[in-house]
Structure formats: C-alpha cells, structure tokens
Amino acid sequence: MIKVLVADDQELIRQSLQIVLNSKKDIEVTDLAKDGLEVIRCIRRQKPDVVLMDVRMPKMDGVQCTKIIKENYPQIKIIILTTFDDDEYVYNALKFGASGYLLKGLSMDELENAIKTVYSGRAMINPDIATKVLKLFSQMAQADYTIPVGTRGVEELTRTEWKIIAQVGKGASNKEIAEALKLSDGTVRNYLSAILNKLDLRDRTQLAIWAVQTNAAKRLIEE
C-alpha cells in the first residue's frame with residue numbers, strides 16, 4: 001500500500017483528492033495538510049511514501065517544503081501539483097528533489113499513474129512542461145547549481161553506463177533508453193540503480209543535471 005500525504009490550502013481539493021485516491025487500488029491517503037508547516041508536522045508523525053503537494057501554500061510554499069523534506073527524509077517522493085508552470089517553480093522544485101511536477105487538471109487515472117511511477121523511483125513530468133524542464137536542466141547545469149560527484153565513482157562507470165547517462169541527460173524515459181540501446185526495461189532500471197550508487201546521487205533528476213554538466217553525449221563521441 002502506497003501511503004500518500006495530500007497538501008493543498010483549499011479544503012475542497014484536499015478532501016476530493018482523499019476520496020478519489022482512497023478508491024484506487026494500492027493507494028491510501030494517510031494525512032491531509034493545509035500548509036507547508038503542517039506538512040512537516042504530518043511527516044514527523046507518520047512518514048508517507050509520497051507527498052502530493054500544491055506549490056502555493058501559506059506559511060511555507062511547496063518548493064521550500066520540498067527542500068526541507070528531501071534534506072531530512074530523502075526516501076520520500078514528492079509530486080508538485082499546481083495550476084502554474086512558472087519557470088522559477090519548476091526550476092526550484094526539481095533542484096530540491098521533487099520527483100514529479102504536474103499541472104492541475106489531469107485526470108484521476110493520470111494522477112494515480114504518477115503516484116505509482118514516482119513511488120517506483122522514476123520521475124513524472126507533465127507533458128505540457130517537459131520541454132521547459134529540459135531547458136531548465138541546461139540552465140541549472142550552466143548556473144551555479146553544481147552536482148558534486150566523487151572522481152572514483154566516475155572512473156568506475158562503464159561505456160554502457162555512460163550511454164545511459166547521456167540518454168538521461170536528453171530526457172529519455174526508461175522505455176526510450178531500452179529501445180535506443182536494445183536493452184530490456186529491467187536491465188535499464190538495474191543500470192540506473194548502479195549508476196546512482198556509483199555517483200552517490202539522490203535521484204534521476206540529479207543524474208540528468210550532472211549529465212548535462214559533464215556533457216556525457218560529447219564524451220562518448222570523443223572516446
């Protein structure tokens with residue numbers, strides 16, 4: 001059972017999401033929160049697997065709340081759910097470790113799929129802002145936001161792992177990577193797990209940013 005915390009400053013939205021998600025198989029809404037401070041209190045009381053969080057909340061917004069959660073509970077997955085697609089919100093939510101960024105208005109089936117996707121360790125980005133996210137990866141890589149990686153871990157990467165890193169940097173999904181490299185989805189997942197372990201990175205978002213920073217695709221061509 002996937003435990004979900006719903007955070008939104010509008011009571012109607014909180015209750016509606018609770019009713020709908022509790023009707024879904026393998027999902028249970030364990031807590032509701034109306035602002036960022038209440039989110040932190042709920043997490044301390046009962047740690048959820050996934051936080052479904054509105055970006056604009058009183059006392060502490062969803063972006064700042066994401067930062068605090070990921071610093072203290074890195075295993076918790078966060079989906080930012082909002083009516084806004086501001087560059088600043090997308091940038092910071094991903095920078096601080098959000099696993100998903102979705103615009104309100106999606107269907108409940110799509111939301112269910114997003115929750116199960118991030119719970120499994122993958123990222124979920126609304127198609128409407130996917131292109132914007134890729135541009136932001138490049139901006140983040142060229143700005144002062146750097147991803148520290150140990151030299152030893154980099155040296156241990158195999159050529160196949162570099163190919164996968166290059167694909168991640170392009171925004172490819174596991175399925176697209178599997179098709180491009182003629183591997184199974186399961187093999188790609190295993191490779192990604194090994195890569196994150198070698199580089200001591202938190203998640204796929206950090207790996208994508210690092211891939212852009214290191215220009216992984218160019219490195220492969222030069223070898």
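Just after helix 9, K182 takes a positive phi of about 55 degrees. This is a predicted model, so to speak of local features we need pLDDT of at least 70, with side-chain atom pairs counted only at pLDDT 80 or more, while totals for chains, interfaces and linings use all residues. Residues are numbered from 1 along each chain as its sequence is written, and side-chain values use heavy atoms, leaving out hydrogens and water. Helices (H or I, at least four residues) and strands (E, at least two) are DSSP runs, numbered from the N terminus.

Let's step back into helix 9 itself, residues 174-181. Here N174, I177 and A178 are buried, where buried means under 20% relative accessible area and exposed over 50%, with partly exposed in between (1.4 Å probe, protein chains only). Looking down the axis of helix 9, you'd find its buried residues within an arc of 100 degrees, so they line one face of the helix; the arc is that of the directions from the helix axis to the C-beta atoms. An α-helix has 3.6 residues a turn, so residues three or four places apart point the same way. On the other side of helix 9, K175 and E179 are exposed.

What covers those buried residues? The cover includes helix 8 (159-169), helix 10 (185-199) and helix 11 (204-214), going by contact, which is heavy atoms within 4.5 Å.

Two of these helices also pack on each other: helix 8 and helix 11 have axes 8 Å apart, at an angle of about 100 degrees. Axes are lines fitted to C-alpha atoms, for helices over the stretch in contact, and angles run from 0 to 180 degrees between N-to-C directions. Helix 8 and helix 11 are therefore roughly perpendicular (65 to 115 degrees; under 35 is roughly parallel, over 145 roughly antiparallel, the rest oblique). Among the residues that meet are W162 and I165 in helix 8, and L207 and W210 in helix 11.

Strand 1 (residues 2-7) has five of its six residues buried, so it is largely enclosed by the rest of the structure. Strand 1 pairs with strand 2 (residues 27-33) over six bridges, and A7 has A33 as its bridge partner there. Strand 1 also pairs with strand 3 (residues 50-54), over four bridges.

Notes. Two strands pair if DSSP finds at least two bridges between them.
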